[in-house]
Amino acid sequence: MSPVNGSNTAVLEPASSKPGKRPSLRLEYDSSRTRTPWWTPFLSVLLALVFCAIFIAANGMNPITVYEKMFRGAFGTSYGFTETLVKAIPLLLCGLGIAVAYRISVWNIGAEGQLTVGAMAATAVTIYFPDLSSFWSILLMLLFGIAAGAVWGLMTAVPRTHFGVNELITSLMLNYVALLALDYVVFGPWKDPKGFNFPGSPMFTAAQSLPVLGSTRLHIGLIFGLVAVIIYYLMIRFTRWGYELKLIGANPIAARYAGIHIKRHIIIVMLISGGLAGLAGMAEVSGVTHKLMQGISPGYGYTAIIVAWLAKLNPLGLIITSILFGGLIVGGFSVQTIGLPSSISEMLQGSILFFLIAGDMIHRFRIRRSA
């Protein structure tokens, strides 16, 4: 720069005519880009179908035929569709509970254990209060199931809020504690003496079973799930508590300076999250199996993690994704008739999660031009 007419004003001299370096492209990670496009879940499902089609073709099967068989088995008949809805009930309740916790970045992966203790608590009502009327039996089973799941969730929240223990570790480990407790009661004090030595509780009576729709296995647990989703939507959209959850999830530091008690919210959401999973356990044992037995859940609590993630915590999305994954489970059983194992549905679930996480990560990278 050089002075003009003796004044202090400065001007830029012309740039050198020497050739400089060409602009280059570089890849940057932007942690602030937390919201992914709306089409990411759809693309994840599509890529998972294409990816799994490669393995199906390698097994000597036509992927289109396999997918058509799965779709017809899950949605092509009234029986298949009602069975899909039966599988969707625990996925919806557990997925909703996980979504509530994820709202404030609390990673609850203990829905499997919370579902299990909810089923155990509901069964305890049938064992220790066998002569209650239908109304009181169902009501107590509901309360006991929700309370047991909530307590199991609280056992994850307290170490997080008071001792700084990562909730991923505690919630995962508590799953195995719940499963071992289940084995103890079905092999021990609650074992049915008339069960031909199979591990399981006595069969529930009609008064201890949830009402079903006609001759199907679809029970009123579906109503529990839909009502819970509506309440979740109203709370998140129209209440101060929902606003505080959004603020904590977006910026916990700003929420803390705004006077929001984050530890209290963590405890509350884990109580709700565990309670919903416990309700799923009660609905499963009272509406489907009608007895407590080993392996009461084929992994609903873990699958619900994918359900919540794929739905992006959206209430309507939770309903759609829970039905989708319920259809995957039922469709997996259908392909056994053409020589494929039912684990094809698990491969699809894992692939969807893989591409979903990959999409979220890739979205946070951006390409910049630099001189």
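Start by selecting M70: beyond its neighbours within four places in sequence, M70 is in contact (heavy atoms within 4.5 Å) with L328, G331, G332, V335, I344 and L348. This is a predicted model, where local features need pLDDT of at least 70 and side-chain atom pairs count only at pLDDT 80 or more, while totals for chains, interfaces and linings use all residues. Numbering runs from 1 along each chain as its sequence is written, and side-chain values use heavy atoms, leaving out hydrogens and water.

Together with M70, they touch the most other members of the largest nonpolar core, which has 86 residues. Such a core is a set of buried Ala, Val, Leu, Ile, Met, Phe, Trp, Tyr and Cys residues joined through side-chain atoms within 4.5 Å; buried means under 20% relative accessible area, with a 1.4 Å probe and protein chains only.

Next, pick residues 78-102. That's helix 3, and it gives the most to this core, with 13 residues.

Time to zoom out. How many helices and strands are in the protein chain? You'll find 13 helices and four strands, counted as DSSP runs (helices H or I, at least four residues; strands E, at least two) and numbered from the N terminus. Along the principal axes, the C-alpha atoms fill a box of roughly 105 × 60 × 35 Å. Last, colour by burial: 46% of the 371 residues in the protein chain are buried.

Conventions:
Buried < 20%, exposed > 50% of the residue type's maximum accessible area, 1.4 Å probe, protein only.
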